[in-house]
Amino acid sequence: MGSVLLLTACTTTGRSATPVGAPASTASATAAATATTAAATTAATGCGSRIETGSLPDWADGGFSGDARVPHVFGARGDMVAVLFAHPLAQVRQDGSNNKILWVSRPASTSPDVLAITATLDGTDTRVTREVAGGPGPSIIDMPRAGCWHLELRWGGHTDTMDLVYAERLP
């Protein structure tokens, strides 16, 4: 019987994953232990976007009430945040849930267009494209394999990048 390693956060040196002024993460002891394991595992792969669990920034909390604390990932430029309603993300979700991500851009997209996502699996030539019709907003983004995916995001004349980790499967 094989084992499954769930990666919930990752860091790397030489590349800032959180823009200046982004809220600090408030992780539990379990999340901290998982993050430490993930950091050790992904140091060789270069997966660099950290999952935040603190409050969403004011520009990204529209539609939420109170102190919106939901797992989220900032783009490297700080122009996009991926709000993770499914955490951790997984290549296979046997519980019937899906990989729901709410994409919120700064500045807000004023005209309906497409959020184009080009995702590359770290350490491979595997590349896939995904589109979110209408630009940044709610989506279900699945990847064909588990691992660290480097995302190039393009919408309404703006660009940003981030890394998202997909676990192999969830029970």
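Biologist: How many aromatic pairs does a search of the whole structure find?

Modeller: The search finds 1 aromatic pair. Rings of Phe, Tyr and Trp (its six-membered ring) pair if their centres lie within 6.5 Å; planes under 30 degrees apart count as stacked, over 60 as edge-to-face and the rest as tilted. Here the centres of the Phe64 and Phe85 rings are 6.2 Å apart and the planes are at 5°, so the pair is stacked. Phe64 belongs to the loop between S1 and strand S2 (72–74), and Phe85 to the loop between strand S3 (80–84) and S4, 21 residues apart. Helices (H or I, at least four residues) and strands (E, at least two) are DSSP runs, numbered from the N terminus.

Biologist: What should I keep in mind about the origin of these values?

Modeller: This is a predicted model, in which local features need pLDDT of at least 70 and side-chain atom pairs count only at pLDDT 80 or more, while totals for chains, interfaces and linings use all residues. Residues are numbered from 1 along each chain as its sequence is written, and side-chain values use heavy atoms, with hydrogens and water left out.

Biologist: Which residue lies over the face of Phe85?

Modeller: A charge sits over a ring if NZ of Lys or CZ of Arg is within 6 Å of the ring centre and within 35 degrees of the ring normal. Lys100 lies over the face of Phe85, 5.1 Å from the ring centre.

Biologist: Is Asn99 buried or exposed?

Modeller: Buried means under 20% relative accessible area, exposed over 50%, and partly exposed in between (1.4 Å probe, protein chains only). Asn99 counts as buried because its relative accessibility is 0%. Asn99 is found in the loop between strand S4 (89–93) and strand S5 (100–105). Phe85, by contrast, is partly exposed at 42%.

Biologist: How many salt bridges does the search of the whole structure find?

Modeller: There are 3 salt bridges, each defined as a side-chain nitrogen of Lys or Arg within 4 Å of a carboxyl oxygen of Asp or Glu. In one of them, Glu52 and Arg50 have their closest N and O atoms 2.6 Å apart. Glu52 is buried, at 1% relative accessibility, whereas Arg50 is partly exposed, at 32%. In another, Asp79 meets Arg77 (3.5 Å, N to O); Asp79 is buried at 14% and Arg77 exposed at 56%.
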